[in-house]
Each structure stands twice: as C-alpha cells, then as structure tokens.
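Trainee: Could we go through this model together? I would like to begin with the ligand and then turn to a pocket.

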Amino acid sequence: MNKRKKVFSSRKLPGMAMERLSEQFDFTYNHLDRNLTYEELLEEAKGKHGIITMLSDRVDGNLMDAAAGVEIIANYAVGYNNMDVDAATERGIYLSNTPDVLTDDTADMAFALILACARRIPEADRLTRNGLYKGWGPEFMLGRSVSGKTLGIIGAGRIGTAVARRAVGFGMDIVYYNRSRKKDVENLGAKYVSIKKLLSESDIVSVHVPLGKETHHLIDRAALESMKRSSILINTSRGPVVDEKALVEALENGVIAGAGLDVYENEPKLADGLSSLENAVLCPHLGSATRETRGKMADIAAENIISVLNGGLPKTGINEVAK
Ligand code: NAP
Ligand code: GLV
Ligand code: GLV
C-alpha cells in the first residue's frame, strides 16, 4: 500500500520543485493551462496533506474542511489576502508564502512602470510602430522628469524599501507612509510623513501595502483628488487597494497625470474605460514574473511543504499553529 503523503499544486510550477516533491510524496498538479475554479480546487483538495495555491485561489475554511487532514497550504506568492488565516489557525493548518525572493523583481517592475509612465514609453512605442514618427521636435511627445522628483512610498516593507533603494540612484527625494516607522527606508534618506502629506507633495506615488480591511480602497476618490495634477500613481500591490473606477475618472479628467498598474480590482477584468486611456500603462500582474524568481518561489513553496509534512515548521510560515 502506498503510504506516501499526498501533495497537490493548483498550477504547474517552473524549475525543479515539482521533481523534489515527487521524490517524497504522491504529487499531482493541475495540468490545465489555466487557474482552477473554486469548485475544481475543492474537489482536488480532498485527501491532500499539502497543497500549493496561487494568489487567485480562494483558500477559506470551507476549502480547508474539504481537505480534511491537510497539514499545510503553501501560497505561491508573498501576498496572502486570498487566504483566511484565522480559519487555518483554528484548524491547526500551517499557511506559508514566498517572501524576499521576489522583492527585487517586483521593485524593478514598479520602477519600470514609473519610467514607462513618466516618459510615455508604451505610447511612444505604439506611435513609432504605427508609422507616426515624422521627425524629432522640440515639443514632440514630452513627458515628465523622474530624476530629482519626489517619490512617495505607501507601505515601506520589503518591496517599498527596494523601490526606495532604486530611487536613490535617480536622485529622488523620498517620503514614505507606513503604519509603523521603518529604519531601513529611513537609512536611505526617506522621510516619514502622514499619508495626507505624502499624497499632496509627491510627484510619483507608489503603493506597496498588502491588501486587507484597512487598505481596501486606501487610494479612493478623495485621495486621488488630493494628489498633484502632474502626479503619477503606481500600483504593484493589489488591485482593491485603489478604487479603480475613481482612478479611471481621475485619469480621464486630468485629476492626476498618469497611472502605472500591474494589478486590478477584479483580475483579470479591467474597469470600464481603463484600456482606452493613453495615460495609463497596464501590465498583467507580472511583478515577480522572471524565470529566476518564479523558480525560487517554487523552491520555497516546496521546502515549506517538505518541512511540515516531515514534522517540522514551514520556513516562511504565515501563522503559528499549536501542536
Ligand atoms: P511587506 O514586507 O509585508 O510590506 C508591507 C508593508 O506595508 C509593511 O511595511 C507594513 O507595515 C505596511 N502596512 C501593512 N498594512 C498597512 C496599513 N494598513 N497602513 C500602512 N502600512 C501598512 O510585504 P512585501 O513583501 O513588501 O509585499 C507587499 C505586497 O506587494 C504584497 O502583500 C503583495 O500584495 C504585493 N506584491 C505584488 C506583486 C506583483 O506581482 N505585482 C509581487 C509581490 C508582492 P508593518 O511593518 O507595520 O506591518
Ligand atoms: C504577487 O502578487 C505576490 O503577492 O507574490
Ligand atoms: C538629443 O538627441 C540630443 O542630442 O539632445
């Protein structure tokens, strides 16, 4: 009889992680080239001891009950707003995420969006390919300087601080808002300010808080109206941190100058009107999307599963479980 523990991943993972899991466990994964529906995941979860989930998978108490006997659910993401942490803790189930390995790539993505918006790069690329480049001109396609401007960072954790590190190289003044003071970002010269002051004084505002009750629509209509008309909003955190409908209106009406988004309120759907705005740069949730990082994220998720299913603790656990 095969007594090996059962592990399931809701997507195929890059790198060697799946092979490592197969050596020790009865490992299966979703072979489809798409995310599972909630009902499909519920079915797959039955009888599993370890599950690797994506940020789009809803991991709630009901799913945990369907997976009776599950010991760990390892999210293939650093953000875990898709998971009910209390429900897991009550049931003695470990949850884990994939911090640190994706910090630099996600900060690079935020900075790419800053430059893309300020210098109008996607718009310029579209124009050039469409044969509309008729020659250099003093007032042709002017953007806004990034160097020397003020960057406002909302949420100065791992990724927010990594964005600040990049901004230092661009000679930017940095202000930040976080619910607690952060030494690492202050050591880079960032000044702690209220969110109100940050919004009204920054040329570029970049959001890096996790999604939770307190941060849902943190950037709402009033916040957008308090920003400079020349300012740019960057969101690589989670879509619902920004009121996307209010943002579309702000971009249409010149309340702010531009926005660079990697995340959306109802992924993969976009708010009405967003995709026709020239002053929005839109990426399909690619913050951690490099070959290198996605492989490392898979390794961490696998290590967490291996450790817990062998009686240990997850290396990057989210909750504490009484055993
Ligand atoms: P982190 O190190 O935990 O940083 C989050 C920061 O936000 C912390 O400094 C935290 O402050 C602060 N914060 C939390 N709640 C707050 C609130 N209500 N008001 C003000 N500040 C608050 O996380 P990270 O690794 O930098 O990741 C940040 C987020 O980025 C993730 O949660 C995820 O949603 C998103 N992300 C997106 C992508 C992508 O592909 N676009 C990739 C990776 C991550 P404390 O220190 O006081 O708790
Ligand atoms: C991606 O969005 C993550 O949270 O890792
Ligand atoms: C622009 O190409 C310049 O030389 O200033």
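Trainee: Which atom of ligand 1 does a polar side-chain atom of Asn178 lie 2.8 Å from?

Mentor: An oxygen atom of ligand 1. Please keep in mind that this is a predicted model.

Trainee: And what does Thr236 contribute, a backbone or a side-chain atom?

Mentor: A backbone N or O atom of Thr236 lies 2.9 Å from a nitrogen atom of ligand 1. In the case of His285, a polar side-chain atom is 3.3 Å from an oxygen atom of the ligand.

Trainee: How much of the accessible area of ligand 1 does the protein cover?

Mentor: Ligand 1 has 940 Å² of accessible area on its own, and the protein covers 87% of that.

Trainee: How many residues surround it, and which are the closest?

Mentor: There are 27 residues around ligand 1, and the closest are Ile159, Asn178, Arg179, Ser180 and Lys182. By class, the shell comprises eight nonpolar, 13 polar and six charged residues.

Trainee: Changing topic: what is the volume of the second largest pocket?

Mentor: Its volume is about 260 Å³. The pocket is lined by 18 residues, of which Cys117, Arg120, Glu123, Ala257 and Asn279 are the closest to its centre.

Trainee: Which element supplies the largest share of that lining?

Mentor: That is α6, with four residues. At least two lining residues come from each of α5 (103–118), α6 (121–129) and β12 (280–282).

Trainee: And how does the lining of this pocket divide by class?

Mentor: Into ten nonpolar, three polar and five charged residues.

Key:
Residues numbered from 1 in each chain as written. Chains lettered and ligands numbered in written order. Predicted model: local features only at pLDDT ≥ 70, side-chain atom pairs only at ≥ 80, totals over all residues. Heavy atoms only, no water. Near = heavy atom within 4 Å. Polar contact = N/O pair within 3.5 Å; in protein donor to acceptor, adjacent residues only side chain to side chain. Areas by Shrake-Rupley, 256 points an atom, 1.4 Å probe, with all protein chains shown as cover. Nonpolar A, V, L, I, M, F, W, Y, C, P; charged D, E, K, R; others polar. 1 Å grid on protein atoms, 1.4 Å probe; cavity = no way out; pocket = protein on both sides within 12 Å on 5 of 7 lines; lining within 4 Å. Points joined across faces, edges and corners; volume = space filled by probe spheres on them.
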